[in-house]
Amino acid sequence: MDIELKEKEEYIINMGPQHPSTHGVLRFELCLLGEQVKYVIPHCGYIHRGIEKMCEHLTYPQLVHLTDRMDYLSAHINNEAVALCVEKSMNVEVSDRVKYIRTILSELTRIASHQLWWSAFGMDLGALTTFFYGLRDREKILDIFEESTGSRLTQSFITPGGLMGDVHPNFQKRVAEFIKYFRKKLPEYDQLLTGNVIFRERTKGIGIMSKEDAIDYGVTGPSGRGSGFHCDIRKIEPYSAYPFVEVNEVTLTEGDTYARYLVRIKEMWESLNILEQLVDNVPAGPIMLELKAIKAPKGEYYQRVETARGELGVYIVSDGGPSPARMKFRSPNFSNLFIINKLAAGHKIADLVAISGSLDLVIPDIDR
Amino acid sequence: MQTEQLTTLITSWVPSQQPGVSKQYPEFILPADQVHFVAQSLKAHPETKMDYLFCLTANDRKDGFHVVYHLTSTVYHHVVVLKVILPDKENPSVPTVSDIWRSAEYFEREVYDLFGIRFENHPDLRRLFLEDDWVGFPLRKDYKDSFTLER
């Protein structure tokens, strides 16, 4: 059979929904000219569970458990967002102990999330070793979570009014040990990947996002900060224990895949600094407010927090009942996804993998 | 910019604006045909510079669909909330703001998918999460399907 080669013709191919480098059930519709990407259309909805609709039938302490399942790598931070929004509506404030523990858990979550991202990003680009190194260190954090909260991934530990229980007596000691341990291990990440010539060739100058585009598309988190967009909610609207500590926002101006990579590596150092300021100073105090009922009064409330991937917004519309009339999650990955067409057009397919890896997408958070 | 100044500014553009219920952020209820103009003006005005739309959503209330816009400025970091009430539940429609902020394009597709609110002049108004042949709009309060859990 004669095969006719049509090199100059465009063709459409599907990448996903089951593809290792989309990190979940996301489908990219690619238009290719040879190996070059002409445009990318993302198709989502493969894991849409209707969390916002489910929330309308659940009470506030119940619906916290659903938020773990959105961005499962930032579970603590998602729980915290709902808790803060409900507390804001009821006009109550938790004790300093709860604030400190919440922030320590959030920063540990951020490090764990960046570790997993680093592991998977190396693997996307063909470096298998990073996966072993990243998961080795992430295990230490998951052990701390397991000891205190009873769960490794979907903790649902932070709840409106405080925490589900007090942390384990070992908690502070183990966090301090982890900080010491990870300060020694983090330079290995640079030795393995950051300084690697092949890695730099694959990422420098690839998928350049301008600051204007980042703002226009609403790309937040490390992806936006790699383009010089100052979007750190920990600085803009500080919450929990962030007002008590010094937070340095990491921003770079290059806007390419390498810049987004470097921002996350630097954020891990920054999170260690924040943890160090908090871990020895956790005050004593009650871990749960004594509230008669957890009900948001009639009105509309909005809370912004910074997850490992960007700005998470929780919008509650309440009629005064035990469950919300409408609950909206402004998830960071949803807004971060759609710039991919602009970044990847004109590059090769292999660069599309690097770009989508550097945006650090978690698909259940897009679909909700 | 403070709430009072914002109120003066928006009233000078749209005299019929109403203050909203939100105690957290300054909120303004606008007629549907004015929202595009106000959004554009808020982005262009040198003292507001609302260049970042961080949330666009809708909710289904007794008096109609509410379309809610959360805007902020990356220069001044002040937040303003715009709201449009669409009393016509059969055929709700509002002008798009996706030509002002690209992020709105996808928020509006999501709202169209789950509420069935049409955004006029939207470049690509298709369902985002659900299949194209899905019947109904799930986040509406009167939505029923064969597997809804009755409560």
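## Close-up views of a predicted two-chain model

**View 1. Chain A as a whole.** For 368 residues, a compact globule would have a radius of gyration near 21 Å, and chain A agrees, with 21 Å. The model shown here and in every view below is predicted. The C-alpha trace of chain A spans about 75 × 50 × 40 Å along its principal axes. Chain A holds 15 helices and eight strands.

**View 2. Helix 3 of chain A against helix 4 of chain A.** Helix 3 covers residues 75-90 of chain A. Its packing angle with helix 4 of chain A is about 140°, and the two axes lie 8 Å apart. That angle makes helix 3 of chain A oblique to helix 4 of chain A. From helix 3 of chain A come A:A75, A:H76, A:I77 and A:E80. They meet A:R102, A:L105, A:S106 and A:T109 of helix 4 of chain A. By class, this contact of helix 3 with helix 4 of chain A has three nonpolar, three polar and two charged residues.

**View 3. Helix 4 of chain A against helix 5 of chain A.** Helix 4 (residues 96-124) and helix 5 (residues 129-149) of chain A pack at an angle of about 160°. Their axes are 8 Å apart. The two helices of chain A are therefore roughly antiparallel to each other. The crossing of helix 4 and helix 5 of chain A is left-handed. Helix 4 of chain A makes the contact with A:L108, A:I111, A:A112, A:Q115, A:L116, A:W118, A:S119, A:G122 and A:M123. Helix 5 of chain A answers with A:T130, A:F131, A:G134, A:L135, A:D137, A:R138, A:I141, A:L142 and A:I144. The contact of these two helices has 11 nonpolar, five polar and two charged residues.

**View 4. Where chain A touches chain B.** Chain A gives 29 residues to the contact, and chain B gives 25 residues. On the chain A side, the helices that give two or more residues are helix 1 (51-55), helix 8 (211-217) and helix 12 (332-337). The strands of chain A that do so are strand 6 (299-306), strand 7 (311-318) and strand 8 (326-330). By class, the side of chain A that touches chain B has 11 nonpolar, nine polar and nine charged residues.

**View 5. Chain B as a whole.** Chain B has three helices and seven strands. Along the sequence, they follow the pattern α-β-β-α-β-β-β-β-α-β. The radius of gyration of chain B is 16 Å, close to the 15 Å that the globule rule gives for 151 residues, so chain B is as compact as a globular protein of that length. The C-alpha trace of chain B spans about 50 × 30 × 25 Å along its principal axes.

View 6. Five strands of chain B form an open sheet with mixed pairing, in the order 1-2-5-4-3. Strand 1 (18-19) and strand 3 (52-61) of chain B stand at the edges. Each has a single partner strand, so one side of each is left without a neighbour in the sheet. Strand 4 (residues 64-72) and strand 5 (residues 79-86) of chain B pair in the antiparallel sense over eight bridges. B:T72 has B:V79 of strand 5 as its bridge partner. Helix 2 (residues 35-44) of chain B packs on the sheet and touches strand 2 (27-30), strand 4 and strand 5. The direction of helix 2 makes about 170° with that of strand 5 of chain B. Helix 3 (residues 103-115) of chain B also packs on the sheet, touching strand 3 and strand 4. Its direction makes about 15° with that of strand 3 of chain B.

Definitions and conventions
Residues numbered from 1 in each chain as written. Chains lettered and ligands numbered in written order. Predicted model: local features only at pLDDT ≥ 70, side-chain atom pairs only at ≥ 80, totals over all residues. Axes fitted to C-alpha atoms, helices over the stretch in contact; angles between N-to-C directions. Helix = DSSP H or I, 4+ residues; strand = E, 2+ residues; numbered from the N terminus. Parallel < 35°, antiparallel > 145°, perpendicular 65-115°, else oblique. Left-handed = near helix turned anticlockwise from the far one by under 90°. Contact = placed C-beta atoms within 7 Å. Nonpolar A, V, L, I, M, F, W, Y, C, P; charged D, E, K, R; others polar. Pairing = 2+ DSSP bridges. Rg over C-alpha atoms; globule rule 2.2 N^0.38 Å.
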